[in-house]
Amino acid sequence: MKDMFESPAKKELRPYQARAIASLKSSILAGNRRVVLALPTGAGKTLIGSHIVAGALAKGGKVTFCAPMISLIDQTVDAFEAEGIDDIGVIQASHARTRASAAVQVASVQTLVRREAMPAASVVIVDECHVFSQAVVDWMAAEPDLIFVGLSATPGRSGMATEWDDLVVGTTTRELMDLGFLSQFTVYAPTEPDLSGVKIVAGDYQAKGAAEVMEDRGLVGDILQNYVLHGEGRPTLGFAVNVAHAKRMADEFTTAGIPSAYVEARTDTLERQALQDQFRRGDLQVIWSVRTMTTGVDLPVSGIIDAAPTRSAMLHQQKIGRGLRVNPGTEDLKIWDHAGNTLRLGFVDDLDWSELKRGTREIKEREASEPLPKKCQDCANVMPPKTKECPICGAAQKPPAGWVETEDGELVAINRKVKGKEYTGEEKKVWYQALVSIARERGYSDGWAFHKFREKFGVGPSSAKVAGPVPAQVRSWVKSRQIAYAKAKARGDAHAS
Ligand SMILES: [Zn+2]
């Protein structure tokens with residue numbers, strides 16, 4: 001049990017990948033049976049997955065890997081084989097590799113949900129576990145002691161907290177950017193659509209209404225003109241509201257001399273492959289899609305045109321994630337956000353995936369305690385709320401609407417009551433650096449310090465992520481939170497039994 005995920009796999013793990021697996025292991029050793037491992041795009045999810053598989057096999061276990069899309073099955077089998085795992089069967093209709101006796105089963109959840117009996121497994125890995133799967137939920141209910149490991153870049157679906165026991169943040173988009181594994185990006189918001197008249201359905205903009213706004217002649221013209229002026233010939237993905245909108249955008253771009261195409265769910269594999277080949281060769285400059293291409297495709301991209309407004313942080317992260325992988329020639333990403341998504345939801349490296357959500361509400365509004373990014377009135381560059389001078393054009397910036405700047409440079413919401421003791425910027429810095437020290441002392445990720453800081457102050461830290469001395473009051477506060485947490489957990493357990 002103790003070494004269940006230790007494996008002799010082929011490709012060596014990066015330090016944060018080894019740390020992610022170690023954190024997962026500690027959570028399971030602490031008694032959790034369903035653990036989500038949050039890994040952003042580009043973290044090497046498949047490699048980490050294959051290490052988990054190899055580790056379980058080394059202990060004589062059996063693993064089922066559940067994939068939410070058929071297109072991911074062969075990809076996963078190939079990746080596992082590259083890591084020296086060869087005892088693999090596939091569970092998907094009449095797949096050529098069907099082999100029930102194999103120790104590793106790569107299964108389509110659509111096929112599993114129609115099965116009476118689940119494959120024998122000691123560990124079940126659920127890929128893209130933010131996608132709801134009835135098969136997985138039923139399986140969890142049937143085998144309460146079986147270990148489930150969920151993998152996701154965006155574990156933000158409401159209700160996940162009732163399915164899963166724990167969430168481990170393997171790494172973050174910010175950390176991967178700092179380490180150079182993901183592209184740095186710049187966001188421009190050349191237009192902000194007026195979505196005030198669009199209905200909200202299940203927490204997000206209704207597609208029909210949003211499409212009407214985004215297909216407005218003037219707005220389409222703005223998007224095209226902006227790309228002609230600033231596109232720099234970058235290989236670009238465009239996101240549209242629906243298929244008709246994607247087709248319209250591709251047509252308008254092509255007519256204007258920018259070779260473009262669109263893909264939709266019905267585009268078959270061969271045609272999709274052909275388009276992707278043209279794109280890689282540079283014969284196509286922009287590929288438009290709806291959500292079709294937000295998962296499972298790895299194209300060398302250095303531009304994103306976002307013309308699909310959303311209120312879902314998950315969708316926002318998934319779309320931008322398509323452009324963050326570092327490929328030769330695409331080390332930096334430009335995002336032209338014509339949908340207001342960054343101004344509404346924040347930068348994707350500020351989004352927080354460290355907590356599983358209860359409840360049924362699909363989308364949580366960003367808390368008013370955190371100011372959103374603001375846009376430069378001169379060049380449309382989107383920058384963090386505290387920026388005083390636009391890094392692109394140098395224009396002086398005012399604080400964002402609804403916020404004022406205090407003498408020590410803090411941003412405070414106008415009319416917002418501050419509870420309890422007021423801390424100065426310097427005191428907050430000491431707290432943050434102390435929390436970073438405690439995190440490193442205990443082998444936690446730096447995200448823990450960020451999280452604890454926000455628990456204490458209601459906003460994220462604004463000082464640099466460096467370790468500092470730990471005052472006794474910080475240590476005792478951390479301890480008091482742990483005791484409170486343990487008590488709450490004991491009460492919950494007593495309640496449940
Ligand atoms: Zn500017």
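## The zinc site

In this predicted model, the zinc ion has as its protein donors C376 (SG), C379 (SG), C390 (SG) and C393 (SG), which lie 2.2 to 2.4 Å from the ion; donors are N, O and S atoms within 2.8 Å of the metal, or 3.2 Å for Na, K and Ca, and water is not among the atoms, so sites may look incomplete. The angles among the four donor atoms run from 102 to 116°, and the site is tetrahedral, a term used for four donors if all angles lie between 85 and 135 degrees. Along the sequence, the spacing of the donor residues is C-x2-C-x10-C-x2-C.

C390 counts as buried because its relative accessibility is 2%, whereas C393, at 38%, counts as partly exposed; buried means under 20% relative accessible area, exposed over 50%, and partly exposed in between, with a 1.4 Å probe and protein chains only.

Strands (E, at least two residues) and helices (H or I, at least four) are DSSP runs numbered from the N terminus.

β14 pairs in the parallel sense over four bridges with strand β11, residues 236-239, where pairing requires that DSSP finds at least two bridges between two strands; within this pairing, T236 has G303 as its bridge partner. β14 also pairs with strand β15, residues 332-337, in the parallel sense over four bridges, and here I304 stands opposite I335.

## Basis of the description

Residues are numbered from 1 along each chain as its sequence is written, and side-chain values use heavy atoms, with hydrogens and water left out. In this predicted model, local features need pLDDT of at least 70 and side-chain atom pairs count only at pLDDT 80 or more, while totals for chains, interfaces and linings use all residues.

Methods: Four donors count as tetrahedral if all angles lie between 85 and 135 degrees; four count as square planar and six as octahedral if opposite donors are over 155 degrees apart and all others between 65 and 115; anything else is irregular.
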